[in-house]
Amino acid sequence: MNLTVYGFPNTRTLRVTWMMEELGLDYDYELVDMTKGQSKSPGYLEMNPGGKVPSLKADGAIVTESLAIVNLLGALKPQLGLVPDASPLRRAIYDQWCCFAIGELEQPLWTIGKNKFALPKEQRCPEIFETAAWEFQNALEVFSMGLGVQDYILGDQFSAADILLAHTLFWGMAFKQPIEQENLKAYVGRTGVRPALAAARAKEQASRN
Ligand SMILES: N[C@@H](CCC(=O)N[C@@H](CS)C(=O)NCC(=O)O)C(=O)O
């Protein structure tokens, strides 16, 4: 399949490039320079009407939403098991943690991001920061309990849910939100040294040159 990622460094695009690298897929990376308004250009809006990254072109078809893209990529190499499909129950637990990453863990960070820089100035509401930070801490507690003593959220095997969860923890750290739970600190260390992540970051940087 011919794959092109449209993205920008230090965004949710990293979920997609990290997944690509874990799977060993060939892909092109097209920089959508958000600092130059390219994500809101008419051409890009045709592909992604929300004007957001990431987007994926897959054999001419466009897929948006980082979770949908990651799941599509996983299905291209099912033998690697990054997106479980054999056992319905295991798949449900995988879906549970993907939904948690997107719907619970990420949302307070996105609230902070939107109200700091992403929304038009007149729409920003800085009073929300304290509540968002509190919500992020609550979500960390739930995540910590779910992870327990496991290496990865599904147990011994790394999955795409770990890409979403770990990426969101890195994001929290970039936003200077404390992560106090020992198992989450160890998880950040364990996931953060994966060679595929380093390769994805290198690809992002190269796209800027
Ligand atoms: N739910 C989408 C969110 C995409 C998203 O909001 N991306 C951010 C960058 S991480 C963006 O493009 N923001 C620009 C904007 O909101 O205008 C996904 O997971 O792909």
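Start at the ligand: select Thr11, Arg12, Ser39, Gly51, Lys52, Val53, Pro54, Glu65, Ser66 and Ala118, the residues that surround it (each has a C-beta atom, placed from the backbone, within 6 Å of it). Colour that shell by class and you get 3 nonpolar, 4 polar and 3 charged residues (Ala, Val, Leu, Ile, Met, Phe, Trp, Tyr, Cys and Pro count as nonpolar, Asp, Glu, Lys and Arg as charged, and the others, Gly among them, as polar).

Two notes before moving on. This is a predicted model: local features need pLDDT of at least 70, side-chain atom pairs count only at pLDDT 80 or more, and totals for chains, interfaces and linings use all residues. Residue numbers run from 1 along each chain as its sequence is written.

Stay with the shell and zoom in on Val53 and Pro54. The peptide bond from valine 53 to proline 54 is cis, with omega near 5 degrees. Proline 54 sits in the loop between α2 (42–47) and β3 (55–58); helices (H or I, at least four residues) and strands (E, at least two) are DSSP runs, numbered from the N terminus.

Next, select aspartate 59, in the loop between β3 and β4 (61–64). Its phi is positive, about 50 degrees, although it is not a glycine. Most residues other than glycine have a negative phi. Is aspartate 59 buried or exposed? Aspartate 59 counts as exposed because it has 7 C-beta neighbours inside 10 Å (exposed means 12 or fewer, buried 20 or more, partly exposed in between, with C-beta atoms placed from the backbone).

Now colour domain 1 (3–81 + 196–207) and domain 2 (88–194) separately; the bounds come from an automatic or database domain assignment. Their centres, taken over C-alpha atoms, are 20 Å apart. The contact takes 10 residues from domain 1 and 9 residues from domain 2 (in contact means C-beta atoms, placed from the backbone, within 7 Å). On the domain 1 side, α1 gives the most, with 4 residues.

Last stop: the largest nonpolar core, with 42 residues (buried Ala, Val, Leu, Ile, Met, Phe, Trp, Tyr and Cys joined through C-beta atoms within 7 Å). Select Met19, Trp97, Ala101, Ala160, Ala161 and Leu165, which touch the most other members. Finish on alanine 160: leaving aside neighbours within four places in sequence, its contacts are Met19, Val70, Gly74, Leu82 and Val83.

Key. Contact = placed C-beta atoms within 7 Å.
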